[in-house]
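Visitor: I am new to this structure. Please pick one residue, look at it closely, and show how it sits in the whole.

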Amino acid sequence: MIQTRAGRPKFYVHYEDFNKRLDEWIEAARIDLSREVEWPAPEKPEKKKVASNKADKATPKADTKSLKRSRTQLDREVSGTPSEATSVANNAPPKVQRKESELLVTTEVTDGTTPKPEDEEMDIVDVQDAAAAAKAVNGNTNNDQYSREDEIEKLRTSGSMTQNQTEIARVRNIEKVQMGKYEIEPWYFSPYPIDFIDVDMVYICEFCLNYYGDVTQFERHRSKCTLLHPPGNEIYRDDYVSFFEIDGRRQRTWCRNLCLLSKLFLDHKTLYYDVDPFLFYCMATRDEHGCHLVGYFSKEKESAEGYNVACILTLPQYQRKGFGKLLIDFSYLLSKREGKLGSPEKPLSDLGLLGYRAYWQEIIVDLLMDGRTEANIEDLGAATAMTTNDVLHTLQNLNMLRYTSKNQHVVVLTDAVIEQRERQKAKEKVKGKRTIEPDRLIWKPPVFSAASRTWNW
Amino acid sequence: MTQRVTGQRFRQRKLSVKQNLQVLREKDIEQLADDDATRHIPKVETGVEKGEEIEHHLQAVISAAQAAAQSGGKIAQLYIPTPDAVASKLLYEDLYPKRFTQPATYIRFSSTVEDTIGCPYCMTSEDVAWLRQYNKKHKGVPCTEDDFEQAINFFEETTQTKQPYANVDNSPVLAYEDLEVEFDETISESARRFARDIYEHWKQERLRKSNRPLMPSLKFETNLETDDADPYVCFRRREVRQVRKTRGRDAQVTEKLKKLRKELEDARFLMSQVKRRELLIREQLAMDKMIFQQRSELKEIKRRLTIKVDDEELLINQRVRFINRANLVNRCGMLTCPQPVSKPKAPRVDTQVVHRNIPGMGPKSQATRPDGRLVDSDLVYLEDQQAKKNELIDGFIEENLHKHQKWNQGWVDATWRPITPPLEQAPAKSDFRRVFTDSQLPTPPTSVSSGENNNVTAVDKSDKQNASRRNARIRFATPPDDVPYHDQSRFRRRTGRGGRIMVDRRGVKCQKIEGFDERVADRWNFAGDSSEDEQIYPVDWTDNLHIRYRIMIERQGENKSAQAAAAAASQNRKAIENHNRSVSGHLLPPGGIQRPG
C-alpha cells in the first residue's frame, strides 16, 4: 500500500502474524528489493484471509523468506517461544536480520488479481480505495462471507466490539496524538476528522477530549475550557482513583470524543453507531490539575448477551501500571451490585485476553486457596460475578481441572499456580496493592425505561 | 493447545458445573501418565478473533503463561509490545493550570462539553497573525481574541443553518449582508463592531477550504449511498425497529400524541396559574405592607390628636373582619363625631382611606378596590359557615337513614350493630332520667373505653347541651364537660317486644361481683335480653360465614398483638367481656372484637 505523504511516497507495512498496532509507514529506502518476494497464491478465494491461511499452509516451506520479521524500528525483542505452529519459522533468531536493508515485507493483498511483474514489487492500492476494493472482493468472490447488509445488521444488533470486514482493512491514519503530559503513537484507525491525516500531531484536551490539529487552536481551547473531570457523577473514590459514570445519551459529545480516542487503541471497536445505548465508567487519578482520565470501560445499558463490559481500555500512557486490573475489578463489582454474572464482550483483543486471564486467575486461585475442600463451578461464578464459562476457561487454562482414575473431575491447585500466586503476593507487599473497595462505591444500578431505549428520550 | 487424543479407553463422565468438585493439591493426586486427563473437558474459546489468535506476541505470552502454569519454573515476564507513549514537549503546567479542588463529597455533574468549553471556535495561527495585523492597522479599541472567535463562530453557525449542504453542493460563501441580518444575542456588541472586517478574513479562509467548515468536524451520515463504505462516517443513529403500520396502531399513536399534547397543555396552564398566584401573593404582600404602614400612620395621627379609642382594630386583621359594616359607620362616626370641632379635617380623610384599604372595611358602595379588583364584598362569617355545614351533615345523615330504613323495610337487620336500629322508636328525651340515689344499684361494670360508647342503643345523654344532635337517630355520646362521665348514672326505660319493660342502665358504679350468691345472681339472669335474642335468631356457629368471620377476627387479633402491648390487649379482652354482658339486643359473636369505625 502506498501513499504520498509530505512529498515522498511511503509504504504501509503490515507484519504478518503481528498485531496491526505494529504496522508502520516506511520510506522506500527501507524496502529490500534485492530479495525474492514470495507472492501470496493468487488463486486463493479468500483474499482477506491470506494472512492467516498462509501462516498455516506456508509454514512448512517458509524457510527464510516471508515469515522472517524484524522489529527494527520499534526495537522490540521477540521474546519467548512463539506458538508451536509457527515455531519452526520463528526460531530463526530475529536479531540476525536487524539491519534495515534486510527488511522483508509481506504485502497485504487487497486486490484479487495476480500482481504483474512490471509492477513495483508491492501491491499498490490507494488507501482510499482499499475499502471499496475489499468490499468488491468480498461481494464478488466470497459468498460464504457476510454480505454488506448482514454486516450492518450485525453491527446494529450486536455490541460495540463487532467489527466489519471492510474496517479491518483500515490502516492507521493519525500520526501522533498529544494528550496531557504525553505524546502517544496511535495503534489503529480512528475516524477523526479527515483533515487530521495531514497533520503531524493531533492535540487532545485531557478533560473534554476535544481534538485540534493546530497547536494554537489547542492552546486557545485550553484557555477557555473549564472542565476538570469527566462530566458525570463520581460513583467511587479512594485515595488513588475515582470512577465517574457517564451516560452516552446525556454526554453525547464527550462520549463520542472518548470513543474516537479509544478507537486509536482498540482494533475491534466500531464507531458505526452512536454512543446512546452505552454507559461509560471512567477511571481517573486526581491532582491539583484535575481528574486525569486513565482508562474506562463502556457497558451496554441493556446487554442481551449478559456482557458487563463492552470496550475496556487503559490509555497507553498509563498501561502496565495495574490500572487494567482495577478496571476489570470494578466492572465485576458493578455486576455484583446488580446481582448478575458478567463477562466481557467478545472478541477480546490480545491485551484484553491477557488482562482478563490474569484477573480471573488471581480471583479464582485466591478463592480456592481459602482452605475449602470442595468447590462447585457455579458457586465460584456466583461469588465472583463471573460466568461459569469464564470460570471453566480459567481453570482449564491453568490446567487445574483434572479427571481422576476414580472417574471424577477434581480441581487441582497446582504447585505452579500456588507458587505464582505467592510470588505475586510478595511483589504486592513490596509495591503495595491497589484494590477496589466495595464500600466506597456509591451506586445503584441505573434503570432505563423502554421508551428511553427505543425513542432516544 | 490441541490435545485431541483418539481412541478413548473408557467413557468419561461429562463435567457438571453444578456438582461439587474436590479441591486437591498437586501432591494429593496420582500423576496420570498421559494428558488424557483433560481431554473430555471441552475447550473454552479464548474469545479472541481467530485470525488474531495466532499472532506472534500473543502466542508467545500465552505459551509462556502456560509453561508457567504447568511447570512452575521461573519464566521471564513477557508482555505484548506496544508503541510507546513519550513525554510531551508542551508545557503542561501552562496548559493545565492547577485549578482543581476536590470536594468532600462525590462529584455530581451534568454540564455538557458544550457548556464548558466556551466559544467552540478556536483561533488558528493564521487567525492570530491576521488579528495582530488588523489591530496594528486600526487605531482605537483593539479587537480581542474572544470577539474575533465569537464573530467567526457566528459566521460558521449561521452558514451551517443557512447552507447545511455547503460542502456537498458547492454553494457560494454567504454575503456579509446575509449574515448581518441574522445577528442575534449569540454575538456580543463588541464583536459586532469588528464583524464586517472579520468577515473578509473569514471569507478568505472559507474559500481556501472550498466553503467547508473551518473547524475540522466529524463526518456524520448524509443518507447517501456512500455513507456505508466511508470509514469516516461514524456515530450513526441506531435506527428504531420498524413496527408494522396498522390502522389500529395509527389510532393508538394519535391517541398517545393527543394525550401528550393535552398533558403538556395542562402543565403549561398549571404553570401559568401558579405564576398568577404568585403575582397575586406578591400584590397581597405589598397591600399588607401598605395597610400596616398606613395603620401605623393612623396610630401616629391618633396619638398626635390624642384620640383615645382602643387600637385593637388597627392591630389585628381578624378583629377588623368581625366588625360588620353597620358598626363601621358607627366607628367612623365615633372617630369623627365625638371629636371636638376644632380638630382638622385631614385625619378623617385619612381614616377613610385606611378603612377602604382594609379588606372588609370599605364602605358598601365601594365595589372595586383602588387597583380595580373586586372587593370581596360578601364577608363570610365562620358561624354561618359552620351552621351551614352542620345542617348539611345532619341532612345527609337523616337522608341516608331514611334511605336505609326504606331498604330494610320488611327485613330484619340481623347484623351486629346495624345502622338503623330495628323498629324502635326514637327514645324520647325523657326516657333517661337522672337517678338521685346514694346507694347505687348493682350492675355489671360499664364499658370502660369511650370508643365503646358510640353504641347506638345504649347511649343517650340527659344533658341538654346538644339539642340539635338529638334529632339524628345516630347519637354520639360526648361526655359533658362539667361532670366526670363515670359519675353520671343514667337509666332508661323502654318497651320491648311483647310489651316487656326494660330498664337500661349506664354509668352505674361497679359493685363487687364476687359478693353475689347464687340466688342474687339469678335475679339478674334476665336483666339483659341477649338471651332472648339468641333464641329469636338461632345461629349456626359453624357455618361458613361465621368461621370466616372468626378467622378474620383471629387475624386482626394477631395484627393487633403484634403492635399493641400486652396490657392493651388484656384491656381489650376485658372490654369485650363487659360488652358481651352489658350490651344487649343484638347478636354477638363469641369473643368478637369489632370496633365501630
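Guide: Chain A has 13 helices and 17 strands; these are DSSP runs numbered from the N terminus, helices being H or I with at least four residues and strands E with at least two. The model is predicted: local features need pLDDT of at least 70 and side-chain atom pairs count only at pLDDT 80 or more, while totals for chains, interfaces and linings use all residues. Residues are numbered from 1 along each chain as its sequence is written, and chains are lettered from A and ligands numbered from 1 in the order in which they are written.

The residue to look at is A:Val275, in the loop between helix 7 (252-263) and strand 10 (278-287) of chain A. A:Val275 counts as buried because it has 25 C-beta neighbours inside 10 Å; the cut-off for buried is 20 or more other C-beta atoms within 10 Å, with 12 or fewer for exposed and partly exposed in between, and C-beta atoms placed from the backbone. Of the 457 residues in chain A, 45% are buried.

Leaving aside residues up to four places away in sequence, A:Val275 touches A:Gly248, A:Arg252, A:Cys255, A:Arg256, A:Cys259 and, in chain B, B:Phe235. Contact here means C-beta atoms, placed from the backbone, within 7 Å. A:Arg252 lies 23 residues from A:Val275 in sequence, yet their C-alpha atoms are 6.8 Å apart.

As for the two chains, their contact takes 126 residues from chain A and 93 residues from chain B. Helix 6 (residues 215-224) gives the most to chain A's side, with seven residues.
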